[in-house]
Structures are given as structure tokens and as C-alpha cells.
Amino acid sequence: MTPAELRAFCLSFNAAVEEFPFTPETSVFKVLGKMFALSALDGEPLKVNLKCDPEAAVRLREQHAAIVPGWHMNKRHWNTVSVRELPDALVRELVEDSYDLVVAGLPRAERLRLDRP
């Protein structure tokens, strides 16, 4: 997955936006003001921080050397994923899971507006 493909996929979700609150090089992808992905898209290697269920996070880290505790994040709830070391389908699944976790924490009315009950 290329940086452009990662950006496009993150922005493909309902109400997803890209912001730069930290540095001009760090893309933060949010849904209704809540972050679900963070990446320096021009970084080498390409990495992305993604929210993850704590139990799943531990399992994923055990199964994949390319998934480690979230850099500069709450390590219980965030993973740093080396994008090019994993199959694209798995990266897409992890991004979608992150988005879904964030949406699940939104008020019900906002979830319904996003068509994600």
C-alpha cells in the first residue's frame, strides 16, 4: 500500500477528514473530531498508528512483527503498523477496525448519522 492509497482509504469513510494538528508532515485522520489514524505519509518506512481493542492489540503484536505498541500513544489502545510489511487487506482491515472503534464511542445520534449503528 502506498501513502496515497493509505490516505485515500482513510478518507473513504463517512465524515472522515485529514488534519495536521501536530506538524505539516503528520496526517491525522478523524471522524467527527475523533482521531482514528495518524501517519507521517512521507515517512520511510510507511507507518500508521491505529486504535485497537486492547485484547486484539496484544494478539496482533504476537502474530506480526510489523505491529508494535503505538508510538507516542496509549500503548494499550493503539498500535503502530508498518504498512508495507503487511498484506494490504490486513492493513485495510486494521484501519476500518480503528474507524469503527472510534465511531462506537460516539453518541448514538452521531453514529446513526454516519450509518454505523
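## An aromatic cluster around Tyr 99

Phe 9, Phe 13, Phe 36 and Tyr 99 come together in one aromatic cluster. The model is predicted, so local features need pLDDT of at least 70 and side-chain atom pairs count only at pLDDT 80 or more, while totals for chains, interfaces and linings use all residues. Residues are numbered from 1 along each chain as its sequence is written, and side-chain values use heavy atoms, with hydrogens and water left out.

Rings of Phe, Tyr and Trp (its six-membered ring) pair if their centres lie within 6.5 Å; planes under 30 degrees apart are stacked, over 60 edge-to-face, and the rest tilted. The whole structure holds four aromatic pairs.

| Pair | Centre to centre | Angle between planes | Type |
|---|---|---|---|
| Phe 13 and Tyr 99 | 4.5 Å | 20 degrees | stacked |
| Phe 36 and Tyr 99 | 5.3 Å | 85 degrees | edge-to-face |

Both can be followed along the chain, where helices (H or I, at least four residues) and strands (E, at least two) are DSSP runs, numbered from the N terminus. Phe 13 sits in the loop between α1 (3-11) and β1 (16-19), 86 residues from Tyr 99 in helix α3 (residues 88-104). Phe 36 belongs to strand β3 (residues 34-39), so its pair with Tyr 99 ties together parts 63 residues apart in sequence.

Phe 36 counts as buried because its relative accessibility is 0%, and Tyr 99 has a value of 0%.

Terms used
Buried < 20%, exposed > 50% of the residue type's maximum accessible area, 1.4 Å probe, protein only.
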